[in-house]
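Reader: I would like to go through this model feature by feature. Please take each one in turn, with the general idea ahead of the case.

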Amino acid sequence: MVYVGIPKGQADQEEEVLRTIQDGDSDELTIKRFTESREKPGALWHIYAAKDTEKIREFLKKVAEEQGQENPVDHDPIHDQSWYLDRSLRKRLHQEYGVQGWAIVQFLGDVVFIPAGAPHQARTRGPVHNLYSCIKVAEDFVSPEHVKHCFWLTQEFRYLSHTHTNHEDKLQVKNVIYHAVKDAVGILRANESSLSRP
């Protein structure tokens, strides 16, 4: 988070931000960062374990059906980002599926790492609003520990509609794997003589 703009003289907005942080299930230390340390909060995230993705997907489809919405085959309630799990939905997800995430308030200067395949949402006053006006720098990357999840996500994206924003392979996982193996083989060949010595 590289910038958080807080308007001057709007105490009611500060109270609303505090309520949002509290309603977002943030811990006491996070709340103190805002109320006592006067740090600048930019966004509220909810991040879930990658292993819970199918449970969350099933839950969102169930809620959509209860509300009379369709669940087209070429759409995905997680990748569509059409849902925000508010406090009541987060509570219900925990009660019915045993899934609980982590609430993280991203303050000015904070970095949030989201593991590959981990469902997440960022929201406060609306589906696309932040706590205050802010600028975040985001970067997708593939770490060796999460190549499997990245490849799995790429496969999921293939089943989305052709007009979906996530349909393309943004991470280029197959290219990353190919070049990593190519570089490793090149290094091994270059050092082949020193590796064969006793």
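Reader: Which residues of H2 are exposed, on the other side of the helix?

Author: The model is predicted, and the reading applies to that model. A residue counts as exposed when its relative accessible area is over 50%, and as buried when it is under 20%. In H2, Glu-28 and Leu-29 are exposed. Thr-30, Ile-31 and Phe-34 are the buried residues of this helix, which spans 28-35. Viewed down the axis of H2, the buried residues fall within an arc of 100 degrees, so they line one face of the helix.

Reader: Which residues touch the most other members of the largest nonpolar core?

Author: A nonpolar core is built from buried residues whose side-chain atoms lie within 4.5 Å. The largest one here has 17 residues, and Val-17, Ile-21, Phe-34, Val-105, Leu-131 and Tyr-132 touch the most other members. At least two residues each come from helix H1 (11-23), H2, strand S2 (41-47) and strand S3 (102-107). The largest share is that of S2, with four residues.

Reader: What does Val-105 touch, not counting residues up to four places away in sequence?

Author: Val-105 touches Ile-21, Ser-26, Thr-30, Pro-41, Ala-43, Leu-44, Asp-110 and Leu-131. Another core, of 13 residues, lies apart from the largest one; Ile-56, Phe-59, Ala-64 and Trp-83 are among its residues.

Reader: How many salt bridges does a search of the whole structure find?

Author: Side chains of opposite charge can pair when their charged atoms come close. The search finds eleven salt bridges. One of them joins Asp-110 to Arg-33, with 3.2 Å between the closest N and O atoms. This pair links distant parts of the chain, 77 residues apart: Asp-110 sits in the loop between S3 and strand S4 (120-122), and Arg-33 in helix H2. Arg-33 is partly exposed, at 22% relative accessible area.

Reader: Where are Arg-57 and Glu-54, and by how much of a helical turn are they separated?

Author: Both belong to helix H3 (residues 53-66); they are three residues apart, so about one helical turn separates them. Arg-57 is buried at 6% relative accessibility, while Glu-54 is partly exposed at 47%.

Reader: Is Lys-51 buried or exposed?

Author: Lys-51 is exposed, with a relative accessible area of 70%. The side chain of Lys-51 forms a salt bridge with that of Asp-52 at 3.5 Å, N to O. Asp-52 itself counts as buried, at 6%. Elsewhere, salt bridges link Asp-23, Asp-25, Arg-87 and Arg-90 in a network.

Reader: Which residues form a nonpolar patch on the surface?

Author: Val-2, Tyr-3, Ile-135 and Val-137 form the patch, and together they have about 420 Å² of accessible area. Val-2 belongs to the segment before strand S1 (3-5). With 53% relative accessibility, Val-2 counts as exposed.

Reader: What is His-149 in contact with, leaving aside its neighbours within four places in sequence?

Author: A contact requires heavy atoms within 4.5 Å. His-149, in helix H5 (residues 147-158), is in contact with Ala-50, Ala-116 and Gly-117. Between His-149 and Ala-50 there are 8.2 Å from C-alpha to C-alpha, although they are 99 residues apart in sequence. His-149 is partly exposed, at 23% relative accessibility.

Note on methods: Residues numbered from 1 in each chain as written. Predicted model: local features only at pLDDT ≥ 70, side-chain atom pairs only at ≥ 80, totals over all residues. Heavy atoms only, no water. Buried < 20%, exposed > 50% of the residue type's maximum accessible area, 1.4 Å probe, protein only. Arc of directions from axis to C-beta. Patch = residues over 30% accessible without salt bridge, like charges linked within 9 Å, V, L, I, M, F, W, Y side chains within 5 Å. Areas by Shrake-Rupley, 256 points an atom, 1.4 Å probe, with all protein chains shown as cover. Salt bridge = Lys/Arg side-chain N within 4 Å of Asp/Glu carboxyl O.
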